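Please look through the sequence and the 3D structure shown here, and keep both at hand while reading. The paragraphs after them take up a few elements in turn.

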Amino acid sequence: MRRVEKSEEAFQKAFSVISGGVNSPVRAFSSVKGTPPFIERGEGGYIFDIDGNRYIDYVQSWGPLIFGHRNSTIESSVIDAVKRGLSFGAPTLVETQLAELIVDIFEPIEKVRFVSSGTEATMSAIRLARGYTHRDDFIKFEGCYHGHSDSLLVKGGSGMATFGSPSSPGVPADLTKHTLVAEYNSIESVERCFKESRDGVACIIVEPIAGNMGLVPADDKFLIELRELCNENGTLLIFDEVMSGFRASLSGSQELTSVRADIITLGKVIGGGMPVGAFGASREIMSHLSPEGEIYQAGTLSGNPIAMSAGVATVEQLLKDRDIYRDLEVKAKRLMRGFRDGAEEAGIDMVTDVRGSMFGFFFSKDRVKSFKDASNSDTELFAKFHSNMLDRGIYLACSAYETGFISTATTDEMIDETIRASKDSFYELSKS
Ligand code: KE4
């Protein structure tokens, strides 16, 4: 049996001085069972908790660690940077280096601005779109998560395509009254949003490969129609690729669809595990951002040289070996096939999906195309499966509405072990 005493004690202690005992709510294991393991260290494809348990890590800090833990190239790059000083609040060459890499990889991006989180990236991108179009309303989709800035913390109304109302206390209705909420993969709901908008729509923000309602890629036809609606209405299209960028492919959705956004937001992998977010667009659009233009945006540690060094070391490694994404996807598909086979043997309904190094599964008979579909899946069964797998040394995302990741440190033996553990888990679930 997995030992948990030290993590339980640590969680109690954390809870006494940190809200909820965690610094981001999902980590509290609220939608699954048990105490979150307190992690002591990571090594390659493994993480180790303070009770001495070893886990195969499919969370990888929610996406950033595409090379797994303690990648030597990233580590030495960070250590070298640390020895030159932690931060200056002044321009450094390494910021330009990472910006050039991103500009080369993402077609719509001619200029970029770095920030310290995905939340900052999407919040700033929406402000840029509003300032550029001189409009206030924007459209987001139920089930897509773009960080926790006020105007994005909205929930859909009773019928879709309504103005959002705050999904969290502390968010004034005044700050969400310009947010229209549509249904993912439903172009009709987007058309209704355009009709409901009083003064025109500044932007549509969408995860082209949604990873925050579980893994739910957008239909390509839907993306094409979003682009057409934006063109017809002078609305900017924002692809939030904070998660899918460098994860679904080197250039996120770009290799999977012909649709191109006006603004792209990035994060996670471009920081290599350090705090980094970014947003980028054409020179023309970015010229409206301060100090070139009037739209204000700033940050003390934006472009921090340590984080930039980790990002450059990560992206340069990804550029070196273009077979990386094929290998990651082969592993992800093998894992999901193993899960499906085990679930089927146990008579359990499961659907799965893969995009590059990203994988997702739902305990559902039907394919999942929207948040409504995802919320109809068996999340109770997910919680039991998560717990069974954790006891077998497999660290899956602690929510049915998250995405799993394969890293280059995830070996075939780890995949085999995970598939074996899933078969045992499904068998146990089928008996309970
Ligand atoms: P951060 O502010 O957490 O760095 O990024 C916000 C964000 C923006 N856009 C997308 C597509 C995202 O997935 C995220 C953050 N992802 C979650 C995981 N689903 C972060 C985990 C957490 O909240 O602790």
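This is a predicted model: local features need pLDDT of at least 70, side-chain atom pairs count only at pLDDT 80 or more; totals for chains, interfaces and linings use all residues.

We may begin with helix H2, residues 72-82, and helix H8, residues 305-320, whose axes come within 8 Å and cross at roughly 150°. Because angles over 145 degrees count as roughly antiparallel, H2 and H8 are therefore described as roughly antiparallel to each other. The crossing in which H2 passes H8 is right-handed. On the H2 side, the contact is made by Thr73, Ile74, Ser77, Val78, Ala81 and Val82, while H8 contributes Pro305, Ile306, Ser309, Ala310, Ala313, Thr314 and Gln317. Sorted by class, this contact of H2 with H8 holds eight nonpolar and five polar residues, and no charged ones.

From the helices we can turn to the sheet. Strands of a sheet pair through backbone hydrogen bonds, and the pairing may be either parallel or antiparallel. Here, an open sheet of four strands runs in the order S1-S2-S3-S18, and its pairing is mixed. Strand S1 (39-43) and strand S18 (394-395) stand at the edges with a single partner strand each, so that one side of each is left without a neighbour in the sheet. The partner of S1 is strand S2, residues 46-49, and these two pair in the antiparallel sense over four bridges; Tyr46 in S2, for instance, is the bridge partner of Glu43.

Conventions. Residues are numbered from 1 along each chain as its sequence is written. Side-chain values use heavy atoms; hydrogens and water are left out. Axes are lines fitted to C-alpha atoms, for helices over the stretch in contact, and angles run from 0 to 180 degrees between N-to-C directions. Angles under 35 degrees count as roughly parallel, over 145 as roughly antiparallel, 65 to 115 as roughly perpendicular and the rest as oblique. A crossing is left-handed if the near helix is turned anticlockwise from the far one by less than a right angle, and right-handed if clockwise. Contact means heavy atoms within 4.5 Å. Ala, Val, Leu, Ile, Met, Phe, Trp, Tyr, Cys and Pro count as nonpolar, Asp, Glu, Lys and Arg as charged, and the others, Gly among them, as polar. Two strands pair if DSSP finds at least two bridges between them.
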